[in-house]
Amino acid sequence: MAKTKILFMAAIIIIIPILTPNMYIMQIVNMICIYIILGTSINVLTGFTGQLSLGQAAFFGVGAYTTALLNTRAGLQFIPCMIGSVLITALFGIVLAVPALKVKGSYLALLTMGFGEVVRIVMINWTPVTNGTAGILGIESPVLFGFAFDSLKKYYFLIVAFVILGLAYQNMIIHTRTGRAFVAIREDNEAAELTGINVTGYKIRAFVLSAIYCGMAGCLYAMMIRYISPDTFTNNISSVILWTAIVGGFGTVAGPVLGGIIMQVLPEALRFLGDWRLVVYGVILLIVILRFPGGLYPYVQKLLETVNKKKAAADAAEEG
Amino acid sequence: MLFQQVLNGLTNGSLYALMAVGVTMVYKSLGMLNFAHGDTMMVGTFITLTFIKAGVPFYIAILLGIACAGVLGFMLERVILRKVKFSSFVNLLIATVGVSYVLRNTAMVIWGTSPQLFPSMFPQTLIKIGSFNVTPQSIGIILITLAIITGLHLFFTRVKIGKCMQLASSDPEGAAMMGINVTYMRFLTFGISAGLAAIAGIMIAPLTYARVDMSATIGMKAFAAAILGGIGNLWGALLGGVILGIVEAVGAAYISTAYRDAFSFIILFIVLFVKPTGLLNKKIENKL
Amino acid sequence: MKKILLWGMALLAAGTLAGCGSTGSTAPAGTAAGAAETTSGTTAGTTADTAAAGAPASGDTFTLGLICPLSGSSAVSGQILKNATEMAVNEINEAGGINGNIRIVMAEVDDEGVPATSVTAMQKLVEQDKVQAVIGAQASSCTLANMEITKAAKIPQITPASSNVAVTQSGNPYIYQMTATDELHMRNIMKYMAEEKGAKTFAILYESSDFGTGGYKIAGNLCGSYHLEMTANEVYNSGDTDFSVVLGKMQKADPDFFIFWGYHTEVAMICKQMQQYGISYPVIGQGYNSPELTNLGGAAVEGIMIDTAFDAANPDAKVQEFDKKYTDIYGKGYDQNAPQSYDAVYVIKDAVERCIAAGKDYTDGETLNEYIASTSWDGVTGVTAFDENGRMDKDLLIITIENGEHKIVKN
């Protein structure tokens, strides 16, 4: 049974690029994938570990800039750029984690938001390195072992590989001691401390892991759009990343997938509303938060369960 | 140069203080930061501008604008926050972020994205003090802020409803037992907080133009000021705002103009690290 | 968990294909690139198919792309650009279209003045709308970013507004600059101030964007040849609201005049603060020639000088005709982008017509490009001709603001 499922999934993954009518739609699909990775980052940090972060755009940006600089200044190709992005964002993750250990709730949210803003201000003003508001042009497409991912369709497969990697890793982590520690910290910080869990260590781990996901996404983004500037990595984007995980479902494994799809598709689907598009979009998001505090994924899950139950009942009826 | 910068710092600081008061009131009442505060300020400012452009006499337009902002604050509490109250804290915070988003985009559709001129309530003639030029604007903002905060202090300590509001914030169970309608007090808190934001916006808009993104930096600085001075503390908000304003102005003049906005965050980091309760608070706040 | 991913992927496939539709009809615009103010990372590119009214139908159409800021702080300038372009397109279509029978179909995208958004917006124009020529962008940083795409797609692009010299110095054969470059502006400014006003020193205040820094670099390069000395230079970020520090520093340097290189929102504020702090120096510069300048600056911008390629105060017959036409339809208030984009449309029309007259295929980007390169069109902004880099020379005016009105100081 598992094998057919995997084959089915693989089939869908392969069919998607064949079905997309043009490059522009392909780009949307690719962005959905990048946002799935970003959503996973905050899912790990906030959904599972309960550390509210409104500064994910900073990690995303750092990852993107690292790749951009390594590629345009040092001529490095994909793999070293990805490694570089991951390492540098991990470092930033530690930098944020240290003060974050001491605060929680609103204060933590504010701290992370401030972190995001400071990083952005540095991006804008540290002109010799980041080229300031002008941004960095001419980033190359990834070249992996001589194979160039120079079209959006080819790039899709590279991104999907990382999406699967990220989701699989998230799934694995949840079922280990680390994952249980994360949840324990989320549920009750003090109690977790009392039961001997190294809260400090796990929190740092959560921040670093979250940062790494964003760094990955940043690298992929930089090499896809081939141009980055500080305007891309604002507070607004941090909010969007947060919404991605919330709407999908905090603390669920597939929440980011659902969230990524909804967050990117919804504004497009609302185009017919013209100017009011974003207002309605925001209102819909608010309604989701208010009505579905656990995210939409649990509802999808229930739906699947009822479908399965019906199917099982039908099977039983047939046999019986 | 130094005098000019300190004066600027005091002026901006007063505005941060006004915003910080609104933030701190809501925090005390609800236990969390209202991320829609900055955009409430922006909307209040634009509503006032709309009234002014429609021909309403200037000061009446201001009062109307403040009142409308107050209503917005009420609605926020009633419609959104009450519903989310029993859900997780994270959702509550996100809800305010969502409201902020909706407010900003609605403002963009209604009033457009270009900055607009906002008339000042102060005369434009410069006052000469020694060899320096001082605008009535600066003096006016500082005085008005002081007046408002003093007024609020008196309200919270002498006037019955004010005292009830204070009690409902610091000890909800005790207040409920005394027959105070805690929910209603919270409702009022939001409205007043929103009105204060509108006043701040109306005073700052002549300097920076009314723009739909005006909440961007001032929102966070208000939080920083409130936390610096001591969250939940009225005078803390004033102190925090003033310190922030001056540090920012002097820092911009002598260290770096480009990183001006970063100073408030740096202060925030330091405060959160060293003394999260802020300057004027003694007790450790247990609230989230 | 596998099931989850399975359904996730299925939803992904269904969602994107259903929600996004295909090319042409609903034309959903904007891919996900971090849009600063607006959405969850999708660009705010609305595609309005403004097919001109009342044109006799023939099978052939020419798709003209327009990319400019329709939201954000440059929205006013972008809207002016759009108005003028549409005016030209409508005029041409009402007369039957290009060559009498080719209707122009416009595809517009909002790039918000943000380079990253501009890149994806251009991708949309090229990939989805299949444009045959592009007018835009407005901000130099946006044009520098998005012109790579038209270059790769071999589609001619004319920017009526981006003045950074790098635009036509990058070896891109498909880009044309129909606005005076920063260098041209700066030469005119320096010549005027040095020769006619006898100035010896200046201080420059510029925006940190590509546009502003371009001006700063040029000032540094050229000042020597006019015997001018730069005694102070200060920079500000777009969106800044407090200029007391930079103004104070410039005042300390006590130059003969100030040069401003930025956009109207900030410049209006800077002038107000100059008034507030009692800082009084002649101001001249470029980039802030917008009707909004007097709206936002009021009395503070009296006496400010602007170097521009076009102004309604110019008594030339063609200028006055354009002024009347534009004001009749769109009301008062436009900047030099308007006549420049208007002429840009006509330059494209002229190139297509010459191409057809020579029996060549105008739908081939490379061919059309050759004809645009050989343009010599006498339009509202004078005679347009491009050099081998796609750069164009124009005579410039210096105007000043007197009683809220523009007045020509130097022709």
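How many residues does the contact take from chain A, and how many from chain B? Select both chains and you will find 32 residues from chain A and 33 residues from chain B, where two residues are in contact if their C-beta atoms, placed from the backbone, lie within 7 Å.

Before going on, note that this is a predicted model, in which local features need pLDDT of at least 70, side-chain atom pairs count only at pLDDT 80 or more, and totals for chains, interfaces and linings use all residues. Residues are numbered from 1 along each chain as its sequence is written, and chains are lettered from A in the order in which they are written.

Next, select α5 (105-125), α11 (235-248) and α13 (277-291) of chain A: these are the elements that give two or more residues to the side touching chain B. Helices here are DSSP runs of H or I with at least four residues, strands are E runs of at least two, and both are numbered from the N terminus.

Now move to chain B, which has eleven helices and two strands. Trace the chain along its sequence and the order reads α-α-α-α-β-β-α-α-α-α-α-α-α. Zoom out: the C-alpha trace of chain B spans about 60 × 45 × 35 Å along its principal axes.

Finally, colour chain B by burial: 57% of its 288 residues count as buried, meaning that 20 or more other C-beta atoms, placed from the backbone, lie within 10 Å of the residue's own.

Note on methods. A residue is buried if 20 or more other C-beta atoms lie within 10 Å of its own, exposed if 12 or fewer, and partly exposed in between; C-beta atoms are placed from the backbone.
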